[in-house]
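Please work through the following exercises with the sequence and the model at hand.

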Amino acid sequence: MKEVLDYIKKNWKNTIREPQNGVPYPFTSPSIEKMYKDFYYWDNYFINKGLLLDGYEEQVKNNLDNIAYFINKLGYMPNANTLLSRAQPPFFSRMIKDYYEFTKDIKVIEKYLPALLKEYEFFMTKRINKLGLNEYTSTADLDEVKNHYKYLSDRVVTYSNDEQEQIKIGKEIIAIAESGLDFNMRFRTENSRIDIFKFLQLDINCIMFDVENNISYFYKILGNIEESEKYKNLASNRKALINKYFLTKDGIYLDFNYVDNKFSSILSAISLYPYVFGISNDKEGAKKVFDRLECKYGVTVCEKRDDTVFYQWDYPTLWGEFTLLTYEALNNVGLTKEAEITKNKFIETVDRNFGKYGKLFEKYDAFSGDVSNAEYESPDMMGWTAAAYRILS
């Protein structure tokens, strides 16, 4: 709808904020006002794509400079400038690649590669397990862990009267928040809805495969073939581990509970990540996932199930960034019809709600087609909702 595109193009500038609260350069935030006015990490991967399409190249550079600043200062890019104790999905390499391919300037790679390598080192030393796979975890101090239990246990509907169990739950909450999908039930076990530390996590390892391939790509452009081959081989080895631990007999990728030796019982859009990042081109496997996640008004994050508790990164919530990633995954394996369905349902849902309210929202309901208020009332938002709409239109 032209009105939505006009709204997006008009309001990008209203999400750009002057340096503040530890952010050294002008930055983009997900919201125009009210909630989410800070500088967030993986949100900006999607936001930057929209900004480039609408002529905000300089602001994309500012966002990259901010991320490089935090990585050089902390060793990693935090969830946000106000949430320093946890990381987030490392999409920095994708941001650099997008910006390089937009500008065709080799200086982009030369400038940001050192920070990217520093982030890679963080994940390979601070977020890695004994199997050689990466993981989200919690390294927050005890007070912060206790605060996460105090303030977020209601959102995850997980409680205990025992202090040590509360600390365990607080650490689980932080680890899941690092995944960016706060919250979901991919890590549900018989005893807990959020038992993340029992699981090998599919998403972070697919993203790190992509990081390794992107570093290899950057080194090749710089003419350093030896380093390029090194990271290419690291990605190849990771691909073998992903297929070993996460691929089920049914040809679907799932998080793996290595303690109890079973796959997650929750199918989520994370199962499309191997197709997003080029680990697999199995059209049949991707179609199985799509068929189980497709709803009347879009692709939801998790498959419908018989339950009484649903989080926001769960059935039946529809998110812009997962719509984009799903669209990419489906096109990558040749499911172009399904990709078009995904795109059209999202656009139609956003259009319909824009017609009602005159603005965009953080999340929608893929079952009802309305704005979703899962976990909390959905704020009006630009962010990845605007970016997804702009890219798919």
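The model is predicted: local features need pLDDT of at least 70, side-chain atom pairs count only at pLDDT 80 or more, and totals for chains, interfaces and linings use all residues. Residues are numbered from 1 along each chain as its sequence is written, and side-chain values use heavy atoms, with hydrogens and water left out.

**Exercise 1.** Determine how helices α2 and α3 pack.

Solution. Step one: α2 covers residues 43-53 and α3 covers residues 57-74; helices are DSSP runs (H or I, at least four residues), numbered from the N terminus. Step two: their axes are 8 Å apart, at an angle of about 160°. Step three: α2 is therefore roughly antiparallel to α3, a term for angles over 145 degrees. Step four: N44, N48, L51 and L52 of α2 meet E57, Q59, V60 and N63 of α3, where contact means heavy atoms within 4.5 Å.

**Exercise 2.** Decide whether I207 is buried or exposed.

Solution. Step one: locate I207 in helix α8, residues 202-222. Step two: its relative accessible area is 1%. Step three: I207 is buried, as buried means under 20% and exposed over 50% (1.4 Å probe, protein chains only). Step four: not counting residues up to four places away in sequence, I207 touches P89, P90, F91, Y136, Y273 and F277.

**Exercise 3.** State the strand order of the open sheet.

Solution. Step one: the order is β3-β4-β5, with antiparallel pairing; strands are DSSP runs (E, at least two residues), and two strands pair if DSSP finds at least two bridges between them. Step two: β3 (199-200) and β5 (262-263) are the edge strands. Step three: two bridges join β4 (residues 256-257) to β5, and N257 stands opposite K262 in β5.

Methods
Axes fitted to C-alpha atoms, helices over the stretch in contact; angles between N-to-C directions. Parallel < 35°, antiparallel > 145°, perpendicular 65-115°, else oblique.
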